[in-house]
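Dear colleague,

Please find below the structure that I am handing over to you.

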Amino acid sequence: MGIDKNGVKAAIESGKTALGIEFGSTRIKAVLVGEDNAPIASGSHDWENRLENGIWTYSLDDIWTGLQDSYTKLAEDVRKTYDVTLTTVGAIGFSAMMHGYMVFDKEDNLLVPFRTWRNTITGEASGQLTELFQYNIPQRWSIAHLYQAVLNGEEHVKDIVFQTTLAGYIHWKLTGEKVLGVGEASGMFPIDIQTKQFDETMIGKFDEAVSAKGFSWKLKDILPKVLVAGEEAGTLTAEGAKLLDVSGNLQAGIPLCPPEGDAGTGMAATNSVAVRTGNVSAGTSVFAMIVLEKELSKVYKEIDLVTTPSGNLVGMVHCNNCTSDLNAWVNLFKEFCESFGIQADMDKLFGTLYNKALEGDADCGGLLAYNYFSGEHITGFEQGRPMIVRTPDCKFNLANFMRVNLFTSLGALKVGLDILLKQEGVKVDNIFGHGGLFKTKGVGQKIMAAAMNASVSVMETAGEGGAWGIALLAAFMRDRESGQTLEDYLAKQVFAGSTGVSMEPDADDVKGFDTFIERYKAGLPIERAAVESLS
């Protein structure tokens, strides 16, 4: 079915569209959606963080040139495809990688270079705040960065008037509004699930902890206002329109939805915002997010608690390592083929080797592997050493070799998920998988279903990513009928009929993965010895 270009052109001219722009860690992507919420144009800009004075950062210049370039390319795509100049859209939303540290003084100057989520420089603060709040505060959270700056006695802290995240900063500069969506806010500071606002008791504890320093500010005064999905979060100002569109064609007055984090937009893009659903993103790193029915019984350093864009509690397991080692082995097989003069097509090679894993023994025939290119906090490693270990009598063949490499790519994730699913008894009806691990049809999906003992679905649209997710949140704000929930809107108006391909867990696979994970946990001292012995 071809796209109805005249219909789309009319929608663009009358502003029946929504624009989503997401700042990922390597790419800034802009997506324009039409009346049916399907993407109709896009533009992107590649960027890289840099290590300056020991801090991972992006400059303000990087942020604005990147935003303008991605928007310019999107407008150009609209002009070329539909022969129309983009002057307005129905609604706009911004999202970005979460957490990190951006603080401003009373003249709106950035006090220190933007510290991104990648910086692991807040260990002391993270430990003390987790203890103080009795709530897991990971190192990348904004409040950990603020408290570490206090502990370090950094000169700038006394001058802070406003603290926000990257998404919050861009939104503020384009609208004048100091606000955040609740999902993004939940990566700054803990959220009270009842009020959908920052937790007042914990704010009080923080103020008390820093009271001896005599700062002129209280925490609540410097944090952004928290909004939930569907609420209006300001309109594009004349200055904002010029900042976004250097051509000057875009008009002011467009409504914006609350700025969100990449976790929230990922949930929207995979239709996993309802309780008892979740999504797993598996590529270089892997994370799983499950929407919880109630609070957990205690604090776990392995589980981060964030929220959906509507403020429902989400348990998140985040691991640094997923497919890097698996890809390295596939490249080795490519080299093997080429040394025999066989040109290996990478898609075919991946497909063949992944499918080979399905022929292996349920528990990988006794093989053990660790895919740790870098450290893995879930299992307590600061650095990693990829390795494969076997006993002389285990079944060492290609099928088991590929299977153990697929299993271990989800190994650390399973250790974290078992806390949620087995210790806390969290129920999951469906998980949506997206990312490179799921590219070979039916393989990564089958292994994920075994790891979680839950139904796993893969959707065609999952590749659209977070920029599409924030465009959907902007469209929801624009279209929302009174009382309509985000869950209903996504289910009925965006994903109606597109449930994707589901796969139920196979009982033998589940048992095999459980056997493997016991071997994996028992073998961690081998990984420890490798880290200590191979510098």
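**Findings**

Gln-484 is buried, with a relative accessible area of 11%; buried means under 20% relative accessible area, exposed means over 50%, and partly exposed lies in between (1.4 Å probe, protein chains only). Please note that this is a predicted model, in which local features need pLDDT of at least 70 and side-chain atom pairs count only at pLDDT 80 or more, while totals for chains, interfaces and linings use all residues. Residues are numbered from 1 along each chain as its sequence is written, and side-chain values use heavy atoms, with hydrogens and water left out.

Gln-484 sits in the loop between helix 16 (465–479) and helix 17 (486–494). Helices are DSSP runs of H or I with at least four residues, and strands are runs of E with at least two, numbered from the N terminus. The side chains of Gln-484 and Gln-493 are joined by a polar contact of 2.9 Å. A polar contact is a pair of N or O atoms within 3.5 Å; within protein, one must be able to donate a hydrogen and the other to accept it, and residues adjacent in sequence count only if both atoms are side-chain atoms. Apart from neighbours within four places in sequence, Gln-484 is in contact (heavy atoms within 4.5 Å) with Phe-476, Asp-479, Tyr-489 and Gln-493.

Gln-445 is buried, with a relative accessible area of 6%. A polar atom of the Gln-445 side chain lies 2.9 Å from the backbone oxygen of Val-456. Leaving aside neighbours within four places in sequence, the residues in contact with Gln-445 include Phe-438, Val-458 and Met-503.

Helix 15 itself is mostly covered, as 8 of its 9 residues are buried; among them are Gly-444, Ile-447 and Met-452. Asn-453 follows helix 15 and has a positive phi, near 50 degrees.

Turning to the whole protein chain, its secondary structure comes to 19 helices and 22 strands. Of its 535 residues, 57% count as buried. Among the contacts in the protein chain with a separation of 6 or more, 72% are between residues 24 or more positions apart. The C-alpha atoms fill a box of roughly 70 × 65 × 45 Å, taken along the principal axes.
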